[in-house]
Amino acid sequence: MATRHSSAAEDALQNAIDFSGDDEMFHSLMLSFESKLCGSDDCTYIIRELGNRNECDKAVGFYEFAVKRERRKNEQGKLASAMISTLGRYGKVTIAKRIFETAFAGGYGNTVYAFSALISAYGRSGLHEEAISVFNSMKEYGLRPNLVTYNAVIDACGKGGMEFKQVAKFFDEMQRNGVQPDRITFNSLLAVCSRGGLWEAARNLFDEMTNRRIEQDVFSYNTLLDAICKGGQMDLAFEILAQMPVKRIMPNVVSYSTVIDGFAKAGRFDEALNLFGEMRYLGIALDRVSYNTLLSIYTKVGRSEEALDILREMASVGIKKDVVTYNALLGGYGKQGKYDEVKKVFTEMKREHVLPNLLTYSTLIDGYSKGGLYKEAMEIFREFKSAGLRADVVLYSALIDALCKNGLVGSAVSLIDEMTKEGISPNVVTYNSIIDAFGRSATMDRSADYSNGGSLPFSSSALSALTETEGNRVIQLFGQLTTESNNRTTKDCEEGMQELSCILEVFRKMHQLEIKPNVVTFSAILNACRFVSPLDPLFEVNE
């Protein structure tokens, strides 16, 4: 941000940066520059530049020195807004609040700019409820929010994880009040869509920017691309990426990394690798994110030599392996069934003091479970619990899938009940495992009254362990899996009618929880339908 300031302000700033001493000496230093500084512009410059150099304590000290010597309320208000804004950028929201409250009590904090700065400070720290509270309170004091205010509260709500429909209410309000949105407004709304994968809403916002003749920047495009990729619309994402140079917006490393990651998650590895080649041809340097994505692709497709080349290249440009790098290697080797490599990578990760995260453990448990290495999976889970981490839907889904594939659907569904009690909501992947298991086999624990409504089926033995701790229950299930894998017997399927009845109940449960089925869901249902006659009464009941 360009500011008007004198050379004396630059001298004072440099002296403040170089200073090391107590508060009284700092005060004396500032006094020596008092007569040379030219009002609030110089003081604002010093506050912001000290903040930019992460010298927030000195910035606050200088602010308190300056605001006491300023007699004009409006100039004091400018200083307060600058100080609150600076503190907000560095997450020091408690100090920012104190500065605001002192300014408000002193009669110079009751300004739109001070309120907006505090809203922004809360937003940057993810405290959207506090930001909304400040937004509402300023109107009670007779202040009308301006463009900066609305942009701050919309950004705060987005960063706080609010749903798009709720955030859009502020967008509608600002227009009703005659405040016209700008590029910052739309970019913040696009970011909300991006977080939720709302690609259609994002595209509509992007088109509205064009209609309003608001020029998009590379951030606008990158955020749109992220929303579209998360929505799985990869052909559209590729088309938009190709259009960017035509619009005189040159794609950067984020643009390419976003689309490449989207292709990789969609399993379209060749297209992802082609884009990497294009990046190199254009001279766009890879960053940590792109290296990790490329590494993940090579390990997933079994191109170990290329993966090693990428690791060497990362080291040569000074990028150290982080938890994302290791997770990519663990996931890739796991999918290839290279469990010796998985163990080596995990050992190296700990040796290099890179702390495993929740995804690390979920990836390992999922990989070992799918490979039938339940003893290893159980040991990883023990380590996971000792690390004090809390299981998420990915980890639960991995275990549920393993149970289902081994015919232990009763135990799997008891685990769904348990994860729900833990406050973790099952997702489409979780339910797909159950549906697929019902469709493939009838050799499972289930109560006869399941098809008549009520909760998911299971014998008392399957539910008896729910009073145990989560960790002991999961370890017990891994033990059950180990036994089953060693003593597997194949049983014939029972009547398809009973199978499909259970599947439809699971499908209804998904609908109740507003979990959108995907192609895997319908494939599992169609597979089960092979065992049911088209003339079966069940079809008539459920038409």
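Modeller: Let us begin with a loop: Arg-248 lies between α14 (234-243) and α15. Helices here (H or I, at least four residues) are DSSP runs, numbered from the N terminus, as are strands (E, at least two). This is a predicted model, in which local features need pLDDT of at least 70 and side-chain atom pairs count only at pLDDT 80 or more, while totals for chains, interfaces and linings use all residues. Residues are numbered from 1 along each chain as its sequence is written, and side-chain values use heavy atoms, with hydrogens and water left out.

Colleague: Is Arg-248 buried or exposed? And what is its phi?

Modeller: Arg-248 has 78% relative accessibility and therefore counts as exposed; the classes are buried under 20% relative accessible area, exposed over 50% and partly exposed in between (1.4 Å probe, protein chains only). Its phi is near 65°, a positive value in a residue other than glycine. Most residues other than glycine have a negative phi.

Colleague: Where is His-353, and what is its phi?

Modeller: His-353 sits in the loop between α20 and α21 (358-370). Its phi is near 60°, again positive in a non-glycine residue, and its relative accessible area of 71% makes it exposed.

Colleague: How do α19 and α20 cross?

Modeller: Helix α19 (residues 323-335) and helix α20 (residues 339-351) have axes that come within 8 Å and cross at roughly 165°. The two are therefore roughly antiparallel, a term for angles over 145 degrees, with under 35 being roughly parallel, 65 to 115 roughly perpendicular and the rest oblique. Axes are lines fitted to C-alpha atoms, for helices over the stretch in contact, and angles run from 0 to 180 degrees between N-to-C directions.

Colleague: Which residues make the contact?

Modeller: Among them are Tyr-326, Leu-330 and Tyr-333 of α19, and Val-342, Phe-346 and Met-349 of α20. Contact means heavy atoms within 4.5 Å.

Colleague: Changing topic, where is Met-314, and what does it touch?

Modeller: Met-314 belongs to helix α18 (residues 304-316) and is buried, at 1% relative accessibility. Not counting residues up to four places away in sequence, it touches Tyr-291, Asn-292, Ile-319, Lys-320 and Thr-325. The C-alpha atoms of Met-314 and Tyr-291 are 7.2 Å apart, although 23 residues separate the two along the chain.

Colleague: How many disulfides does the search find?

Modeller: The search of the whole structure finds 0 disulfides, a disulfide being a pair of cysteine sulfur atoms within 2.5 Å. Cys-43 is buried at 11% relative accessible area, and Cys-56 is buried at 4%.
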